[in-house]
Amino acid sequence: RVTERRFRVRVPPIDGETLKDDNAVEFTVHVTPEKIRVLYVEDRPRWEYRYVKNGLKRVDPSIVMQAGMVDASPRFEQEHSKDLPPLRDIPRTEKELFQYHVIVLGDVDPADPKIGPERLKLIREFVEDFGGGLLVIAGQHFMPRAYAGTPLEPLLPVVIDAGEDDLSSGSRPITEDFRPKLTLDGRKHPTMQLENDPQQNLDLWEGA
């Protein structure tokens with residue numbers, strides 16, 4: 001049944017530890033029998049698409065998914081969990097889109113008629129107003145650079161360099177290696193921590 005549980009996790013201090021007030025954390029877990037509904041939108045069946053959609057379909061029974069490949073033929077049956085029917089079109093209305101909990105957006109051309117600015121605005125409302133989750137997967141052609149100036153740009157986890165707009169179409173490949181630079185928020189985010197020491201972590205990212 002639907003309920004909330006409050007948990008407190010505590011680890012004992014180690015010898016010589018001076019700061020002990022951060023050794024415990026309390027959090028609430030919302031328990032519900034409802035399954036997490038995921039919409040995965042991709043342009044074509046690249047490697048990432050095959051890996052992610054298989055994971056969504058097989059790894060966790062609490063997740064159900066529907067995929068929409070923009071480049072697919074109208075006769076192609078889109079991938080889906082056994083509990084859900086295949087999609088006939090990328091969701092275009094608030095009612096259709098807001099039934100999901102998470103949207104996964106791959107290397108999709110934002111100018112494609114099956115996507116377009118209206119759907120991108122709807123996805124932004126899904127995140128900002130409805131509280132839905134958005135995961136973007138970078139690719140060689142469109143994500144993220146082609147999303148500069150679109151309604152989704154403020155939601156992207158990277159800052160797009162406006163001085164390199166000629167790459168937005170994917171026409172010029174990147175042939176030289178580069179090191180990503182962390183933003184101030186990125187330096188603190190758990191997924192960006194390669195080392196426990198902040199300076200050593202920064203050195204690893206920026207090649208010092």
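Start by selecting Q66: it is buried, with a relative accessible area of 5%. Buried here means under 20% relative accessible area, exposed means over 50%, and partly exposed is in between, using a 1.4 Å probe and protein chains only. Q66 sits in strand β4, residues 63–69. Strands are DSSP runs of E with at least two residues, helices are runs of H or I with at least four, and both are numbered from the N terminus.

Before moving on, note that this is a predicted model, where local features need pLDDT of at least 70, side-chain atom pairs count only at pLDDT 80 or more, and totals for chains, interfaces and linings use all residues. Residues are numbered from 1 along each chain as its sequence is written, and side-chain values use heavy atoms, with hydrogens and water left out.

**Around Q66**

Show the contacts of Q66, leaving out residues up to four places away in sequence. A contact means heavy atoms within 4.5 Å.

**Whole chain**

Zoom out. The chain has five helices and six strands. Along the sequence they run β-β-β-α-β-α-β-α-β-α-α. The C-alpha atoms fill a box of roughly 65 × 55 × 30 Å, taken along the principal axes. Of the 208 residues, 29% are buried. Take the contacts with a separation of 6 or more: 58% of them join residues 24 or more positions apart.

Select I103 in strand β5. I103 is buried, at a relative accessible area of 1%. Its contacts, not counting residues up to four places away in sequence, are L39, L97, I123, F126, G133, L134 and L135.

A cavity is a set of points on a 1 Å grid over the protein atoms alone where a 1.4 Å probe fits but cannot get out; a pocket is an open set with protein on both sides within 12 Å along at least five of seven lines; lining residues have an atom within 4 Å of a point. The whole structure has one cavity of 30 Å³ or more. The largest cavity has a volume of about 90 Å³. Grid points are joined across faces, edges and corners, and a volume is the space filled by probe spheres set on the points.

β3 (36–42) and β5 (102–105) each supply at least two. Color by class and you get 10 nonpolar, no polar and one charged residues. Nonpolar covers Ala, Val, Leu, Ile, Met, Phe, Trp, Tyr, Cys and Pro; charged covers Asp, Glu, Lys and Arg; the others, Gly among them, are polar.

**Helix α3**

Go to P117, in helix α3 (residues 116–128). Is P117 buried or exposed? It is exposed, with a relative accessible area of 51%. L152 lies 35 residues away in sequence and 9.1 Å away in space, C-alpha to C-alpha.

**Aromatic rings**

Show the rings. There are six aromatic pairs. Rings of Phe, Tyr and Trp (its six-membered ring) pair if their centres lie within 6.5 Å; planes under 30 degrees apart are stacked, over 60 edge-to-face, and the rest tilted. Y40 and Y49 make a tilted pair, 5.4 Å centre to centre with 40° between the planes. Both are buried. Then select F98, F126 and F130, which ring pairs link into a cluster.

**Second largest pocket**

This pocket holds about 300 Å³ of space. Of its 15 lining residues, P74, F76, Q78, L87 and R88 are the closest to its centre. The lining has eight nonpolar, three polar and four charged residues.

**Two loop stops**

Find P144, in the loop between β6 (133–136) and α4 (184–188). The peptide bond from M143 to P144 is cis, with omega near 10°. Most peptide bonds are trans.

Finish at N23, in the loop between β1 (3–10) and β2 (24–31). N23 is buried, with a relative accessible area of 11%. Its C-alpha atom is separated from that of F76 by 53 Å.
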